Amino acid sequence: MQHLLEPHTAGLDLWLAKRGLPGYRAAQVRRWLFAGRARSFAEMSDLPARLRDELAADFRLWTARVALHRTSNDGTEKLLVQLADDQQIECVLLRDQLRRSVCISTQVGCAMGCVFCASGLAGVARNLTSGEIVEQLLLLDRLLPAGERLSHVVVMGMGEPLANLDRLLPALAEAASPTGLGISPRRITISTVGLPGAIDRLTEAGAKYNLAVSLHAPDDALRRELVKVSKSTSLAEILAAADRYFAASGRRLTFEYVLLGGRNDQVDHARRLAALLRGRTALVNLIPYNPVAGLPYAMPAAGAVNRFLETLRSGGINAQVRQRKGDEIDAACGQLRRTASAPLSTISPVER
Ligand code: SAH
């Protein structure tokens, strides 16, 4: 059976054409899925009953199911999603005033080796398909009440998005399409560990999404200790590729910098980071370390965070501290992982 949410297959159009059925049926089905939050073909009430049955016989809508659903007091919700092959991933809905953002995953696990991140602790099992990425968007969209729509997408969940670019781009096209979720590319952000070749591919693809590049250190020596994949690349190469993306897309660059207590959070690090980034139209998002059970890193002291921020600003760099969300349910940056991360007694299973 074909996965209807898999944008790689032009399946539905072809299927309709073979049966001599009008092409507008495909648009109706899309409307039900992306705007109508339909869970099954049976709900698509303006399609003939026979057509609904035939679609259900030939296509599957869902390959994934929600294994766990957790809600935090700050309005953050996290889904543990079980895929068709029983692999598991997590994705998150975040609420901030009028914003309804989702944070989605692109891989089962991660191979980049950031020493402070939960997502890569068990390595990477596989890439997600485009359909699986779209399913996350729809599963999270459904958590909203009628009348609320998703406004932003951040590709900052499990995995390295640019290591799965071929699957990610068609999925994001569905997010941005007026007949999909209709979320402007300006409100879609891809976060990358910084793979220069893949950033260039994004540039060549004419992408208009925001790009956030994870730096975490002002020099290659420290960065290689914190981000294992950076052994084979340099900050200079990453920044050059980011500059090319900025020049082609016009999107302001964001740099992310995890503050690890005592490791990379000193005023001297901030000064050198400011020098590294000087002259760019960029924003630095400082992310105070979110604790991951079993990892030997410390949260930065409040004073260190403020000093770091002020040092960047007085060095002429636009910077802010990312507000922590969902940490109570291990849904904050760097806390997503391949299995349930809390004792089962604190989690309520959800059936779709
Ligand atoms: N693979 C992408 C997305 C990672 S998640 C990337 O590397 O950018 C988004 C951000 O959260 C990244 O900057 C990542 O380094 C950061 N992060 C990872 N673990 C974290 C932790 N424990 N606390 C705070 N931020 C973390």
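How far is the sulfur of Cys110 from the closest cysteine sulfur, and in which residue is that sulfur?

## Cysteines

The closest cysteine sulfur to that of Cys110 is in Cys114, at 6.4 Å, which is too far for a bond. The model discussed here is a predicted one. A disulfide is a covalent bond between the sulfur atoms of two cysteines. The cut-off applied to a sulfur pair is 2.5 Å, and the structure holds zero disulfides.

Cys91 is buried, with a relative accessible area of 0%. Cys110 also counts as buried, at 12% relative accessibility.

Strand 4 covers residues 77-82, and six of its six residues are buried, so the strand is largely enclosed by the rest of the structure. The burial applies to both faces: Glu77, Leu79 and Val81 lie on one side, with Lys78, Leu80 and Gln82 on the other.

Strand 4 pairs with strand 3 (residues 65-71) through six bridges, and the two run antiparallel. In this pairing Arg65 stands opposite Gln82. The two strands form a hairpin with five residues between them, and Gly75 in the turn has a positive phi of about 95°. Strand 4 is also joined to strand 5 (residues 88-96) by six bridges, again in antiparallel orientation. Here the bridge partner of Leu80 is Glu90 of strand 5. The hairpin of strand 4 and strand 5 has five residues between the strands, with Asp86 at a positive phi near 70°.

## Ser101 in strand 6

Ser101 belongs to strand 6, which spans residues 99-103. With a relative accessible area of 10%, Ser101 is buried. Leaving aside residues up to four places away in sequence, Ser101 touches Val92, Leu93, Leu94 and His152.

## Ligand site

Which residues come nearest to the ligand? There are 20 residues around the ligand, and Phe116, Ser191, Ser214, His216 and Asn290 come nearest. Phe116 takes part through its backbone: one of its polar backbone atoms is 2.9 Å from a nitrogen atom of the ligand. Ser191 takes part through its side chain, where an N or O atom is 2.6 Å from an oxygen atom of the ligand. For His216, an N or O atom of the side chain is 2.8 Å from an oxygen atom of the ligand. The ligand taken alone exposes 540 Å², of which the protein buries 96%.

His216 is found in the loop between strand 11 and helix 7 (220-226). The residue is buried, with a relative accessible area of 4%. Although not a glycine, His216 has a positive phi of about 70°.

## Helix 6

Helix 6 runs over residues 196-204, and its buried residues are Pro196, Ala198, Ile199, Asp200, Leu202 and Thr203. After helix 6 comes Gly206, with a positive phi near 75°.

## Arg37 and backbone geometry

Most residues other than glycine have a negative phi, and most peptide bonds are trans. Arg37 has a positive phi near 55° and is not a glycine. Arg37 lies in the loop between helix 2 (24-35) and helix 3 (49-58). At 15% relative accessibility, Arg37 counts as buried.

## Asp268 and the extent of the model

From Asp268 to Ala26 the C-alpha to C-alpha distance is 58 Å, and the two residues are 242 positions apart in sequence.

Definitions and conventions: Residues numbered from 1 in each chain as written. Predicted model: local features only at pLDDT ≥ 70, side-chain atom pairs only at ≥ 80, totals over all residues. Heavy atoms only, no water. Buried < 20%, exposed > 50% of the residue type's maximum accessible area, 1.4 Å probe, protein only. Helix = DSSP H or I, 4+ residues; strand = E, 2+ residues; numbered from the N terminus. Pairing = 2+ DSSP bridges. Near = heavy atom within 4 Å. Polar contact = N/O pair within 3.5 Å; in protein donor to acceptor, adjacent residues only side chain to side chain. Areas by Shrake-Rupley, 256 points an atom, 1.4 Å probe, with all protein chains shown as cover. Contact = heavy atoms within 4.5 Å.
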